[in-house]
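Here are my notes on this two-chain model, jotted down as numbered points. Have the viewer open while you read.

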Amino acid sequence: MNVINGHKGTLPAQFSTTGPAASLAWIIGIVAFACIAMANSAIANTSAPTIRLFPTTVVEDLRQTSSVAKEMETGLQEVIGRLDQQQELYEQSKCEGAENDPGCQRLSRQLGATYLEMLGIMEERLPDMEHTVNNTRLSLEKRLRSELGNKMTSWTLQETLLGGNPQPSAAATAPSMRGKSGMRLSERFRQYYQLVASSSSQSDQSLAVLASDIYLDMEETSTLIARTREEIARATLIEQLNQSFGTITPEMMEVVGGVKSILFGDEASRVQIAGPPPGNIEQAYRSPLEN
Amino acid sequence: MTTLRGLASLFLLLATVIALASCASTPPCGSTQSKNLDSAVDDVKRTLSSGCEAHFDSYYDDLLRVAEGDPKPENKRIFSDFLMWSSDEGLLSQRQAKDYYNRYFNVKFMSLQGDYNNCSHTCPRRERVMLEMERELGDKERGLLKVSLDNEGYYRADELYQEVELVLEATCTACAAGR
């Protein structure tokens, strides 16, 4: 059984970074990445695509995932807002270090109850999320196997990725990969959807990378959702016991804060990576030996 | 006793003569000392033409080292001309010349050559393919970045390496799921 622990960095098990809320944060982060990159890739190559990685079914699955993500986001937004208020009240009441005070114990119980509510929402929404994520994953899996796995050699795949243009300027339009963009989850999926919905204007080069990126995301997300669903039951039980014994810690706000930053955006989490040094501006030499 | 000593001296003399003769027939296959790429190429051509073609790899490496001392975009052309000369002289096949050039001076990876589909051919040896690409990327760093100052070309090759890694991971996972 957990006891009150006011020290930072000593989270009780149910609120630790390995708990369901943290797992949700992981899931959300993983399903959402690369949207800024996709915005970059929207600078379309004019050559017509010759591979079909995003047929209507995949686009529809993505739209559905976006919609489910929006619902989950809306549901959590309200409860997280309430947790914020309760946390503020807890701090204003100077309950840290005075956990045995009856008023503080009441506040702790309220915090715990709201946390339980958050777990409940996750439990309710995750099956839908799991379903749509799996649908998208399976559709993409089929297309990747067929278009890139069975119809291409490693050489033609390389040529596809170079977009028929091995000149360095191609780098400017290539999508970068993986990373939080600091925007809303539903907004990220909306961008995913919009990007692939207008895939006729995209180069094969971008689409192959994009499809791979989304597919690997969905693969990882499916696993995490399954693990989170298992964890929620355990965390709910522990929190119910805590409610009985009146033990709660405000450190759970840190975990909730992590969920918030991924769900609703977090400026501080944006990572800037230095670009390459400028290349020479002279006309590139092309050897007759080049392939 | 004297006769034996005489025979030993004669044997020693013969051995020395034979050794000297063999030295005279073996060309001096030393590395070029020039710090100028054009002169170094001339030196290497002369040496290769005089029977040192077995050391082609080592001479090519020497030329890259010399070029690293004076990096400039024109070096690509010098290497291309040298490789075409090597091909014309029969020191290399046309394909070998292309491989030597593209491995160092082209964005495309020669280690991705293959005639069969990715599910059946590339995926079962994906780790080896990526390792070969990584080595080739090292050679491209030398050829594109350090010899030719083609920064953009090198960074595009580096990006291509990462894209291939991602796309192969996804494709091979999809192939494995379909079995």
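The points below take the ground rules, then chain A, then chain B.

1. Ground rules. This is a predicted model, where local features need pLDDT of at least 70, side-chain atom pairs count only at pLDDT 80 or more, and totals for chains, interfaces and linings use all residues. Residues are numbered from 1 along each chain as its sequence is written, chains are lettered from A and ligands numbered from 1 in the order in which they are written, and side-chain values use heavy atoms, with hydrogens and water left out.

2. Chain A overall. You'll find 8 helices and 0 strands in chain A, where helices (H or I, at least four residues) and strands (E, at least two) are DSSP runs numbered from the N terminus. The order along the sequence reads α-α-α-α-α-α-α-α. Of its 291 residues, 51% are buried; buried here means under 20% relative accessible area, exposed over 50%, and partly exposed in between (1.4 Å probe, protein chains only).

3. Chain A contacts and surface. Take contacts (heavy atoms within 4.5 Å) between residues at least 6 apart in sequence: in chain A, 90% of them join residues at least 24 apart. The chain exposes about 13,200 Å², with carbon and sulfur atoms supplying 53% of that. Accessible areas come from the Shrake-Rupley method with a 1.4 Å probe, and for residues only the protein chains shown count as cover.

4. Helices 3 and 4 of chain A. How do helix 3 and helix 4 of chain A pack, by angle and axis distance? Helix 3 (residues 56-92) and helix 4 (residues 102-150) of chain A meet at an angle of about 170°, with their axes 9 Å apart. That makes helix 3 of chain A roughly antiparallel to helix 4 of chain A. The residues of this contact split into 22 nonpolar, 12 polar and 8 charged. On the terms: axes are lines fitted to C-alpha atoms, for helices over the stretch in contact, and angles run from 0 to 180 degrees between N-to-C directions. Angles under 35 degrees count as roughly parallel, over 145 as roughly antiparallel, 65 to 115 as roughly perpendicular and the rest as oblique. For the classes, Ala, Val, Leu, Ile, Met, Phe, Trp, Tyr, Cys and Pro are nonpolar, Asp, Glu, Lys and Arg charged, and the others, Gly among them, polar.

5. Lys94(A) sits in the loop between helix 3 and helix 4 of chain A. Lys94(A) has a positive phi of about 55° although it is not a glycine, and it is exposed, at 65% relative accessible area. Ile225(A), in helix 7 (residues 204-245) of chain A, is buried at 0% relative accessibility. Ile225(A) and Met129(A) are 96 residues apart in sequence, yet 8.2 Å apart in space, C-alpha to C-alpha.

6. Chain B overall. Chain B has 8 helices and 0 strands, in the pattern α-α-α-α-α-α-α-α. Buried residues make up 44% of its 179. Among its contacts between residues at least 6 apart in sequence, 66% join residues at least 24 apart.

7. Helices 2 and 3 of chain B. Helix 2 (residues 37-49) of chain B packs on helix 3 of chain B at about 170°, with axes 9 Å apart. That makes helix 2 of chain B roughly antiparallel to helix 3 of chain B.

8. Tyr59(B). Is Tyr59(B) buried or exposed? Tyr59(B) counts as buried, at 1% relative accessibility. Leaving aside neighbours within four places in sequence, Tyr59(B) is in contact with Cys29(B), Gly30(B), Ser31(B), Val44(B), Thr47(B), Leu48(B) and Cys52(B). The C-alpha atoms of Tyr59(B) and Cys29(B), 30 residues apart along the chain, are separated by 9.4 Å.

9. Helix 5 of chain B. Among the buried residues of helix 5 of chain B are Ala97(B), Tyr100(B) and Phe105(B). The buried residues of this helix pack against helix 3 (56-69), helix 4 (75-88) and helix 7 (126-147) of chain B.

10. Leu149(B). In the loop between helix 7 and helix 8 (151-177) of chain B, Leu149(B) has a positive phi of about 55° although it is not a glycine. Leu149(B) counts as partly exposed, at 36% relative accessibility.
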